[in-house]
Amino acid sequence: MTQAQAIPEPVTPAVLLDAPVLRAPGHAPVVHLVRGGVIEGVHHGSVVVLGADGEVRFRLGDTEAAFYPRSALKPLQAVALLRAGLPLDGDLLSLAAASHSGEERHLDGTRRILDLAGLAEAELRNTPDLPFDPVVRDLWVREGRGPSRLAQNCSGKHAAMLWTAKLNGWSLDDYLDPAHPLQRAVAETVEDLTGQRIAHVTVDGCGAPLFAVSLHGLARALARITTAAPGTPEARVADAMREHAEMASGVRRDVAALMRAVPGLLAKDGFEGVQVAALPDGRAIAVKIADGADRARVPVAAAALAHAGIDPALLTDFAGAPLLGGGRPVGAVRTVPALDPAS
């Protein structure tokens, strides 16, 4: 183990906005389920779109209430690890910011990070789980394999966190404790990039600390990551995730397809219907679907990107799935008229 190092100094602006308010969010209708010309169901949520100047260009719902970004926070966590000395780039850095599908490339990548750090799988503290991708998961179960820390979708992040702790001479067994120097450094980076105080801290599904910010703050953070100077931790994370989109997600994941479809786009999804995305010029969007439905998250994110100036022709595949009746399309998942950029 290396000599113990001091906890990194906070890289924070002179003034941070107050923490967002903890309240029941005032979500608005964002998606209609239209079957046979009748609105059968409604998904609620919130959306914010930032221009290249950082100003709000469009908002719907409640974009200032405190909420949990879930895995959409991972690019910020990866920046914090690089600031604390993590020596990763390329596909392994993308994996450190991933909610991966549990494909063999993801398991092998996590093993590579652990090997580089001189650590073992048994030292991971993420919650054991089956692979996230349903095709991979079905094969895994047919082979008689049970939940695994390596297969769990956050294993790359946890391996990177462990290595960062080891590099700094910090304790390993309790690296997920919010009071641990590693997690304090992550919290400081989250506040720096969002530009606001953290409203609340809880535990994410994988066991890592989870910080409540605002949807607006999350969009602001990703814009800061995509507009950072080359070679900075922020730019390294953005480059790695864009160049290795499948390592940050999976071959069948909509977020990887979205990054392939829109040149220069950095995008990250999160459980419970969260989506954030930003372009190199600072335009950014953030979406939260109240009931966590992916069938609403994807078309709402596409509509928000159209509001940000992306050519709608690039977003056709993400506009909403058909509703079937008797095996044939009889309706569609449609964003509400308020999300139409032409309205």
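Val-47 is in contact (heavy atoms within 4.5 Å) with Val-30, Phe-58, Arg-59, Leu-60, Thr-63, Leu-215, Ala-286, Val-287, Val-300, Ala-304 and Leu-339, when residues up to four places away in sequence are not counted. The model is a predicted one, in which local features need pLDDT of at least 70 and side-chain atom pairs count only at pLDDT 80 or more, whereas totals for chains, interfaces and linings use all residues. Residues are numbered from 1 along each chain as its sequence is written, and side-chain values use heavy atoms, with hydrogens and water left out.

Val-47 is also, with Leu-88, Ile-285 and Leu-339, among the residues with the most contacts inside the largest nonpolar core, which has 108 residues; such a core is a set of buried Ala, Val, Leu, Ile, Met, Phe, Trp, Tyr and Cys residues joined through side-chain atoms within 4.5 Å. The most is given to this core by helix α10 (residues 294-307), with 9 residues, helices being DSSP runs of H or I of at least four residues and strands runs of E of at least two, numbered from the N terminus.

Ser-214 lies in strand β6 (residues 209-214) and counts as buried because its relative accessibility is 0%, the cut-off for buried being under 20% relative accessible area with a 1.4 Å probe and protein chains only. Beyond its neighbours within four places in sequence, Ser-214 is in contact with Pro-20, Thr-63, Glu-64, Ala-65, Phe-67 and Gln-196.

In strand β7 (residues 266-270), 5 of 5 residues are buried, with Leu-266, Lys-268 and Gly-270 on one side and Ala-267 and Asp-269 on the other. Strand β7 runs antiparallel to β8 (residues 274-278), to which 5 bridges join it, pairing being assigned where DSSP finds at least two bridges between two strands. Asp-269 stands opposite Gln-275 in β8, and the two strands form a hairpin with 3 residues between them, where Glu-272 in the turn has a positive phi of about 65°.

Conventions:
Buried < 20%, exposed > 50% of the residue type's maximum accessible area, 1.4 Å probe, protein only.
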